[in-house]
Amino acid sequence: MHPPNPINPNYGSVRGMFYRGSSYYNALETQLAKRMSHGFQVQGTFTWAKSMDTSSASLAGDTFGNSISSLPWFDLKLNRGLSDFNVGRTLS
């Protein structure tokens with residue numbers, strides 16, 4: 001039995017690129033304020049946070065298509081890691 005003829009022999013394989021992802025942000029924020037005499041006030045805040053996502057890095061510029069940065073698209077949990085924009089602690 002012969003293999004079936006291709007639909008159009010002038011074209012090879014067609015690869016798809018999927019742009020989808022999720023981002024998760026969790027934080028604990030505390031604030032301390034103290035009013036003193038003569039209208040003087042002292043205030044400070046502290047934020048402890050973590051941002052994780054599945055696609056904050058660039059995939060379009062990935063020159064190594066088989067490298068560890070190109071994990072399977074069917075399970076995005078394998079791609080989850082700290083976001084590029086993650087700021088762990090902030091004090092102001």
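## Terms and model

Two strands pair if DSSP finds at least two bridges between them. Strands (E, at least two residues) and helices (H or I, at least four residues) are DSSP runs, numbered from the N terminus.

This is a predicted model, in which local features need pLDDT of at least 70, side-chain atom pairs count only at pLDDT 80 or more, and totals for chains, interfaces and linings use all residues. Residues are numbered from 1 along each chain as its sequence is written, and side-chain values use heavy atoms, with hydrogens and water left out.

Strand S1 covers residues 23–35, and strand S2 covers residues 41–53. The two run antiparallel and are joined by 13 bridges. Within this pairing, Glu29 is opposite Thr47, and Leu28 is opposite Trp48.

Five residues separate S1 from S2 in the hairpin. His38 belongs to the loop between these strands. Its phi is near 65°, which is a positive value in a residue other than glycine.

## Other partners of S2

S2 also pairs with strand S4 (residues 89–91) in the antiparallel sense, through three bridges. Here Trp48 stands opposite Arg89.

A further partner of S2 is strand S3 (residues 81–82), and this antiparallel pairing has two bridges. In it, Met52 faces Leu82 as its opposite residue.

## Exposure

A residue is called buried under 20% relative accessible area, exposed over 50%, and partly exposed in between (1.4 Å probe, protein chains only). How many of the 13 residues of S1 are buried? The number is zero, so S1 lies largely in the open.

Leu28 is a residue of S1, and it counts as partly exposed because its relative accessibility is 49%.

## A nonpolar surface patch

Which residues form a nonpolar patch on the surface? They are Leu28, Phe46, Trp48 and Leu91, with about 470 Å² of accessible area together. Such areas come from the Shrake-Rupley method with a 1.4 Å probe, and for residues only the protein chains shown count as cover.

Patches are made of residues with over 30% relative accessible area and no salt bridge; like charges are joined within 9 Å, and nonpolar side chains (Val, Leu, Ile, Met, Phe, Trp, Tyr) within 5 Å. A salt bridge is a side-chain nitrogen of Lys or Arg within 4 Å of a carboxyl oxygen of Asp or Glu.
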